[in-house]
Amino acid sequence: MKEFKEMMKNIEMMQMRLSLMKLNLLEQQLITKEILSDIKRLEKYLEKRGDE
């Protein structure tokens, strides 16, 4: 029974780690999207400046 409890505890720890990893990935995706939108905005700005 003690082994089973230990296994359950380990599984819970792994699930928590996976959840943290997933959150980190989502955060990185958001940051990447923000960077890409900044780049697009900068490109549009530079195009307008080039046209003048």
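Phe4 is partly exposed, because its relative accessibility is 47%; the class covers values between buried (under 20% relative accessible area) and exposed (over 50%), with a 1.4 Å probe and protein chains only. Phe4 sits in helix H1, which runs over residues 2-51. Helices here are DSSP runs of H or I with at least four residues, strands are runs of E with at least two, and both are numbered from the N terminus. The model is predicted: local features need pLDDT of at least 70, side-chain atom pairs count only at pLDDT 80 or more, and totals for chains, interfaces and linings use all residues. Residues are numbered from 1 along each chain as its sequence is written, and side-chain values use heavy atoms, with hydrogens and water left out.

Phe4 also belongs to a nonpolar surface patch. Patches are built from residues with over 30% relative accessible area and no salt bridge; nonpolar side chains (Val, Leu, Ile, Met, Phe, Trp, Tyr) are joined within 5 Å, like charges within 9 Å. Accessible areas follow the Shrake-Rupley method with a 1.4 Å probe, and for residues only the protein chains shown count as cover.

The overall form of the chain comes next. The chain has one helix and zero strands. Its C-alpha trace spans about 75 × 5 × 5 Å along the principal axes. The radius of gyration is 23 Å, whereas a compact globule of 52 residues would have a value near 10 Å. That radius is taken over C-alpha atoms, and the globule rule is 2.2 Å times the number of residues to the power 0.38. Of the 52 residues, 0% count as buried. The chain exposes about 5,700 Å², of which carbon and sulfur atoms supply 62%.

Pairs of residues show the spacing along the chain. Leu46 and Met14 are 32 residues apart in sequence and 48 Å apart in space, C-alpha to C-alpha. Leu46 lies in helix H1 and is partly exposed, because its relative accessibility is 47%. Met16 and Leu36 are 20 residues apart in sequence, with 30 Å between their C-alpha atoms. Met16 is in helix H1 and is exposed at 53% relative accessible area. For Lys2 and Lys33, a sequence separation of 31 residues goes with 47 Å, C-alpha to C-alpha. Lys2 also lies in helix H1. With a relative accessible area of 72%, Lys2 is exposed.

Charge was examined next. The chain has 11 positive and 10 negative side chains. The centres of the two sets lie 6 Å apart. Lys and Arg count as positive and Asp and Glu as negative, while His and the chain ends are not counted. Each charge is placed at NZ of Lys, CZ of Arg, CG of Asp or CD of Glu. A negative patch on the surface gathers Glu43, Glu47, Asp51 and Glu52. Asp51 is in helix H1. Asp51 is exposed, because its relative accessible area is 70%.

Side chains of opposite charge can pair when their charged atoms come close. The whole structure holds one salt bridge, defined as a side-chain nitrogen of Lys or Arg within 4 Å of a carboxyl oxygen of Asp or Glu. The side chains of Arg41 and Asp38 form a salt bridge at 3.2 Å, N to O. Arg41 and Asp38 are three residues apart in helix H1, so about one helical turn separates them. Arg41 is exposed, with 55% relative accessible area. Asp38 is partly exposed, with 41% relative accessibility.
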